[in-house]
Amino acid sequence: MNKYQGIMKIISKKELIKDVYEMVLEGQAASFITTPGQFINIKLNDSMQPYLRRPMSICDYDDNHIKIIFRIVGIGTKILADKKIGDTLDCLTGLGNGFRETNYKDVVVVGGGLGVPPMYALTKQLINKNINVHVVLGFNDQSSIFYQNEFETLAPTYIATMDGSVGTKGTVLDVIKQFDFVMDAYYACGPEKMLEALALNYPDNGYLSYEARMGCGFGACMGCSIKVKSQPYKRICKEGPVLLSSEVIING
């Protein structure tokens with residue numbers, strides 16, 4: 001997938017929960033997004049600090065808009081959160097290989113923490129194809145939950161919290177085992193340990209979206225490479241971020 005560069009304007013920004021922001025960007029570069037699971041790489045300042053762009057998963061998109069959801073975790077995301085409506089951002093879009101076209105009948109969509117946002121556009125797409133979808137979202141506790149209502153308007157949605165304050169106590173894997181969904185395939189994004197647990201328990205027909213620190217964001221620097229079974233390495237930004245569960249190497 002080629003990279004595409006464009007200037008996008010912030011037209012909406014709101015804090016969903018503490019330090020987690022939803023931002024809508026407007027501009028022609030949105031039209032370069034072709035499938036859920038691709039990502040956007042944002043230049044934060046005209047100065048050299050911070051030097052690297054920040055990769056962001058895409059929550060939703062159309063031909064002229066991209067919605068992102070991010071948490072303030074460092075100087076880069078703090079700069080982004082402080083941007084104002086009307087500000088413009090230099091963006092690379094259409095990056096990475098997203099979730100593949102499938103002909104499954106029954107699927108489970110799984111999001112954990114900040115892996116929840118990219119599953120929203122995917123869920124909409126699957127439902128539009130008349131695929132039966134169950135959504136499982138995992139969070140630490142009640143205060144960390146976001147986008148539950150948005151998913152519930154699309155499909156049956158199940159919540160896992162580590163402290164049991166909402167839904168099932170435990171992980172997304174506990175929910176899947178508890179309800180024993182009919183599942184031809186599953187799609188997931190979240191912490192690496194969550195993805196590895198899913199791949200270990202369900203090694204077939206899983207599509208796992210990985211996050212990684214990136215340098216260039218389009219495959220030149222090799223900084224986000226990981227080992228896989230199918231070949232020595234794959235670059236999360238280029239061959240990923242979506243990998244097959246059958247090719248993931250489980251660590252530990």
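1. Tyr-207 is buried, at 8% relative accessibility (buried means under 20% relative accessible area, exposed over 50%, partly exposed in between, with a 1.4 Å probe and protein chains only). Tyr-187 is likewise buried, with a relative accessible area of 1%.

2. This is a predicted model, in which local features need pLDDT of at least 70 and side-chain atom pairs count only at pLDDT 80 or more, while totals for chains, interfaces and linings use all residues. Residues are numbered from 1 along each chain as its sequence is written, and side-chain values use heavy atoms, leaving out hydrogens and water.

3. The whole structure holds twelve aromatic pairs (rings of Phe, Tyr and Trp, the last by its six-membered ring, pair if their centres lie within 6.5 Å; planes under 30 degrees apart count as stacked, over 60 as edge-to-face and the rest as tilted). The rings of Phe-179 and Phe-181 are stacked, because their centres are 5.9 Å apart and their planes at 15°. Phe-179 is partly exposed, with a relative accessible area of 37%, whereas Phe-181 is buried at 12%.

4. The rings of Tyr-187 and Tyr-207 also form a stacked pair, with centres 5.1 Å apart and planes at 15°. Tyr-187 lies in strand E12 and Tyr-207 in strand E13, so the pair ties together parts 20 residues apart in sequence (helices, H or I, of at least four residues and strands, E, of at least two are DSSP runs, numbered from the N terminus).

5. In helix H4 (residues 172-179), Val-172, Leu-173, Val-175 and Ile-176 are buried. Asp-180, which follows H4, has a positive phi, near 50°.
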